[in-house]
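Visitor: I would like to learn how to read helix packing and a chain interface from a model. Where do we begin?

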Amino acid sequence: MRTSFDEMYATDTQPRRHYETYARWLQAQALEDMRTCRAEAEVIFRRVGITFAVYGDKDAGEGTERLIPFDLIPRVIPAHEWREMEAGLRQRVTALNRFIHDIYHEQEILKAGLIPAEQILRNAQFRPEMMGVDVPNNIYSHIAGVDIVRAGNADGSGSYYVLEDNLRVPSGVSYMLEDRKMMMRLFPDLFSQHRIAPVAHYPDLLLETLRSVSPKGINEPTAVVLTPGMYNSAYFEHAFLAQQMGVELVEGQDLFVKDRIVYMRTTCGPRRVDVIYRRLDDDFLDPLVFRKDSTLGCAGLVDAYKAGNVTLANAIGTGIADDKSIYPFVPKMIEFYLGEKPILNNVPTYQCRNPDELAYVLAHLAELVVKEVHGAGGYGMLVGPAATAQEVEDFRAHLLAHPANYIAQPTLSLSTCPTYVESGIAPRHIDLRPFVLSGTEVQMVPGGLTRVALKEGSLVVNSSQGGGTKDTWVLEGGA
Amino acid sequence: MLSRTADHLFWLSRYMERAENTARLLDVNYQTSLLPQSHSTAEQGWRSLLSISELSGHYGTLHDQVDAKRVTDYIVRDERNPSSIVSCLRAARENARAVRGALTTEVWETTNQTWLEFKRLLADGLLARDPSAVFEWVKFRSHLSRGVMVGTMYQDEAFDFIRIGSFLERADNTARLLDVKFHAMDHEFHGDADARDSARDFYHWSSVLRSVSGFEVYRKVYSNVIKPEKVAELLILRTQMPRSLAHCTERLLSNLRRVANDQSGETLRQAGRLNAELEFGRIDEILATGLHAFLTQFLERVGNLGDGISRDFLMPTESREPRMN
C-alpha cells in the first residue's frame, strides 16, 4: 500500500485504457486554450454564485464567499469498477441503516457482543431520545456520502477503500452537478467522444426518496429543505437543491409547531410540512430538546417527529453509525445484518481506546494518520509522514490525554490524478464521495464528487482546507 | 409561498428600483450642473438631492461642505449611506441570494452580476471619469433586471411581490421628486415669470421630466410648452405614464388583488381608495389644496400601505389558525 497509483497513467507515458481517448485529446490541446477555459470557468462560477463560505470569516464582506477551485481534467472511472463500487455502496449503506435501527430498538448487535455496548451507549453521538422511535421504512440515513479513496498496492495495482461514512448531513452534491454542467459547456466535443453516464437526474432521485418516506397517510407530501441560512458554508447547495426539486427552502424561523404538527409560515397562512430535508446538525434542530441557544431550529420539532407527524431526513441520531470509533465495526455489521461478505474494503484501523493498539500507535506515530473520532473537516488530525517532529510530539500529548478520542490508520498512498496547477499539469491526490439515497429503494447516480488536494503532496481534500473538485466520469459500456 | 421569501423578493425589487431612481436623479442633477448657473443655485441643486431622500442630516454628520463631488460620492458609493446606489445594489443582491431558489437562474445571475460589475466599475474609477456613464449603467442594469424578471419568471405570487415592491418604491420616489422640485420653485410658481425666469423654468421642468424619461412623452401628450401644472398632471394623474403616481397605485392595487389573503382586506381597501382618488382626481383641485400637502399625505399613505403589506403577508404571526392546503 505504499506505491502511488495514478488514475490516468499506468506508466509515465502510457495512459490506462479508460483514459486513452481523453489523454490523446488532452495532448492535442494548447496550454493557452486550456488556460482560457479555466478563466472562463471561473467567471461563470462566480457569476452563477457557486460559492462556498469559509467559517470564521463571516464578517469579512465578500471574502466570505470563495469559489471552490474547479479542475478541468476529469476523473474517469471505468464501468466495471463502478458496478462493483455501486454494489458495495448499496450493501454498506443498507447495513448501516439496519444498524442504526437496531441500536435504537432491540440492540441485537450489542447483545451478540460484536460491539462493546459502552462504545455505543456512552458515545456522544448516541441519542437516547431516539430509543423506540419508529421512522418510515426504518430508514435513518436517507442521504449518505461515503468517502472512498484508491490506494496503490506494491504490485502497481490499486484498491478502493472506504475512508468514512457521512450519514448526517453530507454536502458537495451540488458541486458534482455544477462541475458536470461546466464540463459540458466547456468541452462538448469530449462528451460526444465518450459515453459518460449522466448525473443531472440526482435532484429527481432525491425528491423521490424524500417523498417515499413521508409520514403514513399523507398522499401528496410537502417536502422542504431546512437550511441554517445564507451564511452557512453550504448555503448555495441548500438553495440549489430546493430549487432543483421545486420545494421551499426554509429556515427555522419559517417553521412552527402546533399540536405536534409542523407548519411553515406562508403568505396565505400556515401550511403543513411533511418531510424536512434538514441541512442542520441534530444539536440545532430543536431548542426544547437539544441546544437551548439554537435559533436555527424550531421549538417542538422533535416532539412532532416522535409523534410520527413529520419525517426528518436524515433522521436524528445517525451520527452513532458514522462516528470514527464505530467505523472499524462496519464490516462486521454487514455480515451480521445481511449475512454477506463486505464488497468494499475498510482501511485497517487502530482504536486508541484499546491499550495494545494505543501502544502500537504511539510507537509508529510518524507513519500513521491519527484522527479525532468526532472531528470533521480535517482539523483535528495528524498526518504523521507530513508532520514535523514537534507536531508529532504535540499530538502525542493530546493522544495520551484522551486516547479514546482517537483512531489511527496507516498512511494510505492516495491515488493521484493529473491536475492543472500553477506550473502546468501535475499529479495531485484525489478521493471520491458518491451520494447514496435510501427511501423505498437504494439509488445513486453514477460517480460522485471527486475532491482534489491542490497542494503538492497534500492528502487533505476538504474544501475548507483548500481542496478543489473535478468532474467525475463513469464510462458506460466497454472499458 | 413562504412569508420570508415574499419579504426578500419585495425588498429585492424595492432596492433595485431605488438604485435606478437614485441614478436618474443624479444624472439630471449632473446634466443641470453643466448649464450656466450661480454657485448657490448649483449648491441648492445638490442640497435638494439630499433632502429628497431625507439624507441631509446624515450627510451633515460626515461632510461640512455640499458640492458635486462629495454629494455624488456619498450617494453613489458610500456604504455608510444606506440608500446609496452601492448599498442598494448590495442589498438587492443579498436579498436575491437569500431566496435564489425562488428566482430563475437568469434573475439571480443578473442581480449577482450587477453587484459584481458595479464594484469593479467603481474600482476602475469610472465615477470620477464619466459620472453619466455610471448613472446610465445603473439604469440599464435595472431595465435588464426588470426585463429578465418579466421575461423569465413564472407569474405567480413570487412575481406579484416583486412587482408590489417595485411600484411601492417607485410611487414613493416619484412623489419625493415632485415634492422637492416643486418646492424649489414654490415662491414663483403662481407668479408672473419674466423672460429670464421662463428660460430657467424650462430647464428646471424639463430636467424633472427627463429624470423620469418623460420629456418626449410630455411633448407627445400635450404638444405644448413645458408648464409646471402639466408636468404635475403627467407625473401624478396619467396612468399611461409608467413612473406616475397613478400608474404605480393602479399596478399596486392589481397586484395586491392577486395575492389577497384572509387578512389583507383593509390594506386592499386603502390601496383601492388611494388609487380611486388618483384615477378620478383633477390637477386643478390638487393644486388648489396645495401640492406639498397633497404629496406629504400621499407619501404617508404609501408608507402605511407598506406597513400593511408587511403585516398581512411578510411577517405574519402564529396567532392565525393553521389552514391545511
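Guide: Begin with a cut-off: an angle over 145 degrees between two axes counts as roughly antiparallel. Keep in mind that this is a predicted model.

Visitor: How is a pair of packed helices described?

Guide: Two packed helices are described by the angle between their axes and by the distance between those axes. In this model, H1(B) packs with helix H4 (residues 68-76) of chain B at an angle of about 170 degrees, and their axes are 11 Å apart. H1(B) and H4(B) are therefore roughly antiparallel to each other.

Visitor: Which residues make the contact of H1(B) and H4(B)?

Guide: H1(B) contributes B:Thr22, B:Leu26 and B:Ser33, while H4(B) contributes B:Ala68, B:Thr72, B:Ile75 and B:Val76. By class, four residues of this contact are nonpolar, three are polar and none is charged.

Visitor: How many residues of chain B are in contact with chain A?

Guide: On chain B there are 26, in contact with 26 residues of chain A. Helices H1 (3-33), H5 (85-98) and H6 (105-123) of chain B are the elements that each give two or more residues to this side. The largest share, five residues, comes from H6(B). The side of chain B that touches chain A divides into 11 nonpolar, six polar and nine charged residues.

Visitor: What does chain A contain in the way of helices and strands?

Guide: Chain A has 14 helices and 23 strands. Its radius of gyration is 23 Å, close to the 23 Å that the globule rule gives for 479 residues, so chain A is as compact as a globular protein of that length. Buried residues make up 47% of the 479 residues in chain A.

Methods:
Residues numbered from 1 in each chain as written. Chains lettered and ligands numbered in written order. Predicted model: local features only at pLDDT ≥ 70, side-chain atom pairs only at ≥ 80, totals over all residues. Contact = placed C-beta atoms within 7 Å. Helix = DSSP H or I, 4+ residues; strand = E, 2+ residues; numbered from the N terminus. Nonpolar A, V, L, I, M, F, W, Y, C, P; charged D, E, K, R; others polar. Axes fitted to C-alpha atoms, helices over the stretch in contact; angles between N-to-C directions. Parallel < 35°, antiparallel > 145°, perpendicular 65-115°, else oblique. Rg over C-alpha atoms; globule rule 2.2 N^0.38 Å. Buried ≥ 20, exposed ≤ 12 C-beta atoms within 10 Å, placed from the backbone.
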